[in-house]
Amino acid sequence: MVSGGFSFELRRGEPTGQVRVRDRVYWWTGEVGNLGGVELAYPAREVVPVADQGLYVGTAVRGDSIPPSTFQGLGYTVQPRLARGVLTVAGQTATFSRSAWSTDRRGRALRIAALGREYTYREESGKRHHTLERAGASVAMTRSGWKNPKTISGTTAGATDSVDLSLAILLEGVYTRNLSLGGAMISAPGRIFSRVGS
């Protein structure tokens, strides 16, 4: 277990040379509590089979003492969407669901079952703030900006551990605007066009 009640910050890395836009990878790194270094990256090409890379996009979290987590889904620019998503936590496939018909953020939250735990992940006040919760533990995440932010920060509460942190950080690399009704309406045209293209 990792002690609750601490904060951390991941900072965006910058490529050292010229990188073609289609080859660009975004990543954030930082020290997370007593777990050492952690990295979030997307698009994580190693997550998606080569034959599917034209349609699917991946995100990955890895670190010194944190279980690796990945997500792959239909691409929405460089991030995977929830549509047709596959979530793995510590090498185990997890399941998730949400209500697309609910009008409030709590109702639209992701319900995640991973490693025998039940989580909810919801958008808070505005698209840059999210909370991952399970019984007795939570991680509140904040982005400095919506698209490829300079920093992604988190604050833990309760009996959080490395699994909670891995999952909370991973979900910041997934396109989740449709977890609020307003976000779903704004992102609907892009999601519809990307689905037609698939």
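**Close-up views of a predicted model**

**View 1. The largest nonpolar core.** The largest nonpolar core holds 35 residues, and Phe8, Ile112 and Ile169 have the most contacts inside it. A nonpolar core is a set of buried Ala, Val, Leu, Ile, Met, Phe, Trp, Tyr and Cys residues joined through side-chain atoms within 4.5 Å. Buried means under 20% relative accessible area, exposed over 50%, and partly exposed in between (1.4 Å probe, protein chains only). Two or more residues each come from β1 (7–12), β2 (26–31), β3 (37–42), β7 (86–89), β9 (110–114), β10, β12 (137–143) and α2. Helix α2 gives the largest share, seven residues. A second, separate core has seven residues, among them Val48, Tyr56, Leu74 and Ala83. In soluble globular proteins, nonpolar side chains tend to be buried together.

The model is predicted: local features need pLDDT of at least 70, side-chain atom pairs count only at pLDDT 80 or more, and totals for chains, interfaces and linings use all residues. Residues are numbered from 1 along each chain as its sequence is written, and side-chain values use heavy atoms, with hydrogens and water left out.

**View 2. The whole chain as context.** The protein chain has three helices and 13 strands. Helices (H or I, at least four residues) and strands (E, at least two) are DSSP runs, numbered from the N terminus. Of the 198 residues, 48% are buried. Contact means heavy atoms within 4.5 Å. Among contacts with a separation of 6 or more, 44% join residues 24 or more positions apart. The chain exposes about 9400 Å², of which carbon and sulfur atoms supply 54%. Accessible areas come from the Shrake-Rupley method with a 1.4 Å probe; for residues, only the protein chains shown count as cover.

**View 3. Phenylalanine 8 in the core.** Phenylalanine 8 is one of the residues with the most contacts inside the largest core. Leaving out residues up to four places away in sequence, phenylalanine 8 touches Glu31, Val32, Val139, Met141, Ile152, Ser153, Gly154, Thr155, Thr156, Leu165 and Ile169.

**View 4. Helix α2 and its cap.** Helix α2 spans residues 162–171, and ten of its ten residues are buried. They include Ser162, Asp164 and Ser166 as well as Val163 and Leu165. Aspartate 161 caps the N-terminal end: a side-chain oxygen lies 3.1 Å from the backbone nitrogen of valine 163.

View 5. Tyrosine 119 lies in strand β10 (residues 117–123). Its relative accessible area is 2%, so tyrosine 119 is buried. A polar contact of 2.5 Å joins its side chain to that of aspartate 164. Such a contact is a pair of N or O atoms within 3.5 Å; within protein, one must be able to donate a hydrogen and the other to accept it, and residues adjacent in sequence count only if both atoms are side-chain atoms. The two C-alpha atoms are separated by 9.1 Å, with the residues 45 apart along the chain. Beyond four places in sequence, tyrosine 119 also touches residues including Ile112, Leu132, Val163 and Leu167.

**View 6. Threonine 59 in β4.** Threonine 59 sits in strand β4 (residues 56–63). Threonine 59 counts as buried because its relative accessibility is 0%. A polar atom of its side chain lies 2.6 Å from the backbone oxygen of glycine 173. Contacts beyond four places in sequence include Leu40, Tyr42, Phe71, Pro80 and Leu170.

**View 7. Leucine 179 in a loop.** Leucine 179 lies in the loop between α2 and α3 (181–197). With a relative accessible area of 0%, leucine 179 is buried. Its C-alpha atom is separated by 9.5 Å from that of glutamate 124, 55 residues apart along the chain.
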